[in-house]
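Subject: Structure handover and notes

Dear colleague,

I am handing over the structure below, with notes on what was found in it. Please read them with the model open beside you.

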Amino acid sequence: MLKNLIRRQSSKVQQNSILFQQHSFQQKRFINKVYTNVNETVADIKDGSTLVVGGFGLCGVAQKVLEALKLKGSKQLTIVSNNCGVDDYGLGILLSNGQIKRMISSYVGENKTFEELYLTGKLEVELVPQGTLAERIRAGGAGIPAFYTPTAVGTVIQDGGFPIKFKEGGSKNGIEIASEPRETRAIQGDFSIVKAWKADTHGNLMFKRTARNFNPMCATAGKVCIAEVEEIVEPVVSSDPRSNILHVPAPAYEKRIERRTLTKKNESNSDNSNVTKDPTQWDVRERIGIPTLASNHLPKGVTITLQSENGILGMGPYPLEGEEDADLINAGKETITCLPGSSTFSSAESFAMIRGAHVDLTVLGALEVSENGDLANWIIPGKMVKGMGGAMDLVSSGTRVVVTMEHTAKGRPKILKSCTLPLTGKRVVDRIITELAVFDVTSNGLVLVEHAPNVTVDEIKSKTEAAFTVSDKLKPMQFVME
């Protein structure tokens, strides 16, 4: 249930099935909180407001409310959200329309407008590790003013000095606003905007699959909550949601899929055939990119459970054509399926699982790795800003971290004596796997334990800046035969 709120009598909120929860302390009964005019939902959002907005990529996004806010034209907004959609969908429509002053996010991703506005000094950007962002929002709704976390310790995000805003003309002209040494304080907003699957007329919300993501925490973190939902049901006295009676049929509702990924009917599901149906086995957290290919090559007899930071444990293969669900995606925004025994949960619960070391292994990519296990993988200052997403949370959890990446970038080594890019984490990497070699990171430095067929130690040395020793048990890389 959303928290109880007071709202002045003139205020109205809407729905397409959009719902606004309101409770008057002057009366003992809940009032009907369903509205039918989308523009009324955003009527009181003024210039300079802070909005806490749910969604992950394009999944679980309150598109109709955001379109109404674009039409209203409120400017100088501070937006707290995991990312900023794309140019023509999600929060991207407000960004492209010049309505956002500051983004508090974890991930820039492939939104070129977001990246360009930031690098040219036209947008303030406060990047926050994804798990920390989820927890700050949750804390705001729970009345917890601040908390401690090991995430980002030893990085520019924690120590301060990261450019929130460049001077006019961009990064070449210097920094206008730099971040201060970070305290993990709670986040609250003037309004929260969320997307739910179902709601009753009292404002109780149900979320569907991975469309839950940030939405439950965002709902509680705003002084006023606007919820866009697909179906309205009558409230009933039952703990079984299946007993709810449909009150407003679902309209034709657009749910955009960012990356439609499918399994061909004649294709064997070898890429996931060894993914366990038993979550008591080995739990593995994969990041996007090369790491997501790891589960394609499991040897027989090895079973794993895949966890995705957007809130799913027990990911299955890509769906068959026609079976894809916009509310079921992985961290790379790809459509997926669930295996028997899988579960979905909010982003805050997902990162509680990660920080609590309930995941056995993290596999992620890198821009650079140092010989002592430092990792850099989220930004090239002045050139490329993707954001750290959940990487800082993942590598600070104390579980085993494996980096998979190409050995060089445009001929330049990526395994270095020390990282030159802003760090994701200090001394966090346990193993490095490239197309040429496998290194273990030990207290005595890097140890070469495997080499690719037909690749010599001398060749590996020529393409590796960091010093390393060669294991007495050095062997060729082991491959899983299809």
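Is Phe-162 buried or exposed? Phe-162 is buried, with a relative accessible area of 5%, where buried means under 20% relative accessible area, exposed over 50% and partly exposed in between, computed with a 1.4 Å probe on protein chains only.

Before the rest, a word on the basis: this is a predicted model, in which local features need pLDDT of at least 70 and side-chain atom pairs count only at pLDDT 80 or more, while totals for chains, interfaces and linings use all residues. Residues are numbered from 1 along each chain as its sequence is written, and side-chain values use heavy atoms, with hydrogens and water left out.

Aromatic rings

A search of the whole structure gives four aromatic pairs, a pair being two rings of Phe, Tyr or Trp (its six-membered ring) with centres within 6.5 Å, counted as stacked if the planes are under 30 degrees apart, edge-to-face if over 60, and tilted for the rest. One of them joins Tyr-118 and Phe-162, which are stacked at 6.4 Å centre to centre with 15 degrees between the planes. This pair links distant parts of the chain, 44 residues apart, since Tyr-118 is in helix α3 (residues 112-119) and Phe-162 is in the loop between α5 (156-159) and β7 (163-166); helices (H or I, at least four residues) and strands (E, at least two) are DSSP runs numbered from the N terminus. Tyr-118 is also buried, with a relative accessible area of 2%.

In the pair of Phe-439 and Phe-468, the ring centres are 5.1 Å apart and the planes stand at 70 degrees, so the pair is edge-to-face. Phe-439 belongs to strand β27 (residues 437-442) and Phe-468 to strand β29 (residues 468-476), so parts 29 residues apart in sequence are tied together. Both Phe-439 and Phe-468 are buried.

Tyr-118 and Phe-162 also belong, with Phe-166 and Trp-378, to one aromatic cluster.

Helix α1

In helix α1 (residues 63-72), the buried residues are Gln-63, Val-65, Leu-66, Ala-68 and Leu-69. Just after α1, Gly-73 takes a positive phi of about 90 degrees.

A charge over a ring

Lys-198 lies over the face of Trp-197, at 4.6 Å from the ring centre, the criterion being that NZ of Lys or CZ of Arg is within 6 Å of the ring centre and within 35 degrees of the ring normal.
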